Amino acid sequence: MLGVTLSGGGTRGIAHIGVLHALEELKIKINVLAGVSSGAIVGVLYSAGYSPERILHLLMEYPKISIFQPSWTKSLGFFELKSLEKFIKTYVPTNDFSDLKIPITISAIDLEQGEEVYFSEGEIAKPLIASCCVPILFNPIKHQNRLLVDGGLLNGLITKPLENCDKKIGVHVNPFDKNHTLRNTKDIFERCFTLAVHQNSRKNLQLCDLIIEPIELAKHAAFRWDKARLIYEIGYYATLEKKDEILKLMEM
């Protein structure tokens, strides 16, 4: 049984779509998925039955400006993620994990309890947007008597949901370069985000049988949409480069 876990990584998570496309071409059947933040979004849409090409189209057509809806009242963040919730409910209208074609677990952080929380049943939309809810930037999500934020805050690559899988592939989209030029506050924020997710993912990468980590993604910012198709292609070709390793793993 093959389990695949998709890391967080902002818009670098679009590379996950290319990875899934390449795995399909290699006729690799995924039995279980896990994801956090942008990896959770891609994973849920794929689990719902959308092809990688369709997922790319949906995300590229999504009105990015609507993500940043100001949060005005009793705010714990600058922006709301209500538009993302609407997006998920539009394309996964049943809004229930039990209706997905591939079982998937997504994670978020209970900010008050300081612990990781996994979701794999019941409502999809609230836990999913919580998994993407970068603290301070976005208003935390209240769900099941918890105050939830981005799962990547503590764990950018979840492997616990794959414990029953005899084969595990980890897809990590947060490599980083060591000669990064910082020009403004936005660059510093993105750099801190990338370093944090990269660092807290390392121990779980060691628990995977095979890692797909497109190094070229280090050249791309974590919150830019203008290179979406290129990032998709980076994920696609990075996976094909590991074709022999992937096929060997599946034969074991």
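## Helix packing and selected side chains

Asparagine 204 sits in helix H6, which spans residues 185-205. Helices here are DSSP runs of H or I with at least four residues, strands are E runs of at least two, and both are numbered from the N terminus. This is a predicted model, in which local features need pLDDT of at least 70, side-chain atom pairs count only at pLDDT 80 or more, and totals for chains, interfaces and linings use all residues. Residues are numbered from 1 along each chain as its sequence is written, and side-chain values use heavy atoms, with hydrogens and water left out.

### Asparagine 204

Is asparagine 204 buried or exposed? Asparagine 204 is buried, because its relative accessible area is 8%. Buried means under 20% relative accessible area, exposed means over 50%, and partly exposed lies in between (1.4 Å probe, protein chains only).

The side chain of asparagine 204 makes a polar contact of 3.1 Å with the side chain of asparagine 155. Another polar contact, of 3.5 Å, links the side chains of asparagine 204 and threonine 159. A polar contact is a pair of N or O atoms within 3.5 Å; within protein, one must be able to donate a hydrogen and the other to accept it, and residues adjacent in sequence count only if both atoms are side-chain atoms.

Residues up to four places away in sequence aside, asparagine 204 touches Asn155, Leu157, Ile158 and Thr159. Contact means heavy atoms within 4.5 Å.

### The chain as a whole

The chain has eight helices and 10 strands. Of its 252 residues, 55% are buried. Among contacts in the chain with a separation of 6 or more, 75% are between residues 24 or more positions apart.

### Helix H2

Ala, Val, Leu, Ile, Met, Phe, Trp, Tyr, Cys and Pro count as nonpolar, Asp, Glu, Lys and Arg as charged, and the others, Gly among them, as polar. After H2 comes glycine 49, with a positive phi near 110°.

Two packed helices are described by the angle between their axes and the distance between the axes. Axes are lines fitted to C-alpha atoms, for helices over the stretch in contact, and angles run from 0 to 180 degrees between N-to-C directions.

| Helix pair | Angle between axes | Distance between axes |
|---|---|---|
| H1 and H3 | roughly 165° | within 9 Å |
| H2 and H3 | about 130° | 10 Å |
| H3 and H7 | about 155° | 11 Å |

H3 is therefore roughly antiparallel to H7. H1 and H3 are also roughly antiparallel to each other. H2 is oblique to H3. Angles under 35 degrees count as roughly parallel, over 145 as roughly antiparallel, 65 to 115 as roughly perpendicular and the rest as oblique.

H1 passes H3 in a left-handed crossing. H2 passes H3 in a right-handed crossing, and H3 passes H7 in a right-handed one. A crossing is left-handed if the near helix is turned anticlockwise from the far one by less than a right angle, and right-handed if clockwise.

Which residues bring H1 and H3 together? Ile17, Leu20, His21 and Glu24 in H1 meet Pro52, Glu53, Ile55, Leu56 and Leu59 in H3. That contact has six nonpolar, one polar and two charged residues.

On the H7 side, Glu53, Leu56 and Met60 in H3 meet Ala228, Arg229 and Tyr232 in H7. Four of these residues are nonpolar, none polar and two charged.

### Two histidines

Histidine 21 belongs to helix H1. Histidine 21 counts as buried, at 13% relative accessibility. A polar contact of 2.5 Å joins its side chain to that of tyrosine 232. Neighbours within four places in sequence aside, histidine 21 is in contact with Pro52, Glu53, Tyr232 and Tyr236. Histidine 21 and glutamate 53 are 32 residues apart along the chain, with their C-alpha atoms separated by 7.7 Å.

Histidine 57 lies in helix H3. Histidine 57 is partly exposed, with a relative accessible area of 40%. Histidine 57 and arginine 229 are 172 residues apart in sequence, yet 9.5 Å apart in space, C-alpha to C-alpha.
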